[in-house]
Amino acid sequence: MSASIVLGLGGTVDYELAWDAGVIASFASHHGIVASELDAAIPVVDERSLVVSILGYLKDGVGGERFVGSPEILDAFAARFDTRVTLGGTCVRAAIAMRSLGVDSLVHLVSIDDHVRRLLPDGVSYVCSADEDSTDPHLIVQYPAGAAIRVGDIEIVTEHPNRLIYVNDRPNRELVLSDELDAIVPDSRVFLVSGFNTIQDPALLEDRLRHIERLLGAVPAGGVSIFEDAGYHEPAFSLRAREAMAPAVAVYSLNEDELFAYLGRRFDLLDADAVEQALRDIAALIPARCLVIHTKHWALALGERAQEFAEAVRGGILMASTRYLVGDGQTAQDYARTAAMDVPERGVAFAHELERRFGARLACRPALVLTTPTPTTIGLGDSFVGGFIAALAASAADSTREVTRSPVDSRAL
């Protein structure tokens, strides 16, 4: 088996809850939860601590991913809501997004069941390290802007929509790698790495990092290797993964929540002075050849080859924006409508100012102004990655056609 685009390292089955502020408020009242104890980072060991964590995230107005002590907690909580089954994981959602533009790929899975077989679209092939079927669903809580929940003597009102992920997923926690990767990656043009964030055993993390480091060394000349960061269930493991991946990949990608967490501060994403300092700080913390950072207001590439990735950054914005507006089932026509939207002048001015400050080492593209009564916040980062890679694939195809038309050599990916 061979593939031009290889996406790893693990997919998931997601239980997406239909948002119901009344049910969340009733949980808070039932458990006697008060405002002073709201904490997104509390260990989730039972239903009460799960609700405290959810409310903590809502109070802070951010998204995140957390480990839950047992799958039974998730099953019991999900039973109180209307729920639908979808596929998740960065590699799988990226592959589905790319397929909407006709771009084929291969995903590496660590678990498989009938949901996966049924929901993976044609054009997305897979290899899987599991030797039997299993289902370890991820609980996805998606909250809207303006959600109001009373907790004790305060009312929480969310400013922006976002999503929370709660998991107890043994296959992704162990992240067993298929031997087939050793044969597939050396023939790939793009290799995406993600998924270390769910590992909880330091020896397992070291083993998986060493294996992936070897594979990254096998990506052919002219290929692009990408690491997509995430929220770590064991925060201390984040540093080790960054140390291994930053020098090993062509692109190190993260979102705004991870940016804030790594820097230990929040700031206005449209304040050029604050963003400039943040970019200098994150570049020192993560000395990658090229950082890609995607936020609700802009996305950018910083470092080597930043200008080469400018259109890929734009492609990521368009794909994530399309998902935000349309949700599952987006099409190439939906993407084209998003691409035709006007770019806000303030965003253009901000992007130009950042580019002025960093020169050729930075390519920034503004986000679109998106308005919909039913936003999708699940999988936006995954869709950004899919759009980024789809744009790389389109660029490679254009280069190939140009080589065919002209004797002048043109670099592919």
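Guide: Contact means heavy atoms within 4.5 Å, and helices (H or I, at least four residues) are DSSP runs, numbered from the N terminus. This is a predicted model, in which local features need pLDDT of at least 70 and side-chain atom pairs count only at pLDDT 80 or more, while totals for chains, interfaces and linings use all residues. Residues are numbered from 1 along each chain as its sequence is written, and side-chain values use heavy atoms, with hydrogens and water left out.

Visitor: Which residues of H1 and H2 meet?

Guide: Ile24, Phe27 and Ala28 of H1 touch Glu47, Val51 and Leu55 of H2. By class, this contact of H1 with H2 has 5 nonpolar, no polar and 1 charged residues, where Ala, Val, Leu, Ile, Met, Phe, Trp, Tyr, Cys and Pro count as nonpolar, Asp, Glu, Lys and Arg as charged, and the others, Gly among them, as polar.

Visitor: At what angle do helix H11 and helix H14 pack?

Guide: Two packed helices are described by the angle between their axes and the distance between the axes. Helix H11 (residues 272-285) and helix H14 (residues 345-358) pack at about 45°, with their axes 11 Å apart; axes are lines fitted to C-alpha atoms, for helices over the stretch in contact, and angles run from 0 to 180 degrees between N-to-C directions. The contact is made by Ala272, Asp273, Val275, Glu276, Leu279 and Arg280 of H11 with Phe350, Glu353, Leu354, Arg357 and Phe358 of H14, and these residues divide into 6 nonpolar, no polar and 5 charged.

Technical notes. Helix = DSSP H or I, 4+ residues; strand = E, 2+ residues; numbered from the N terminus.
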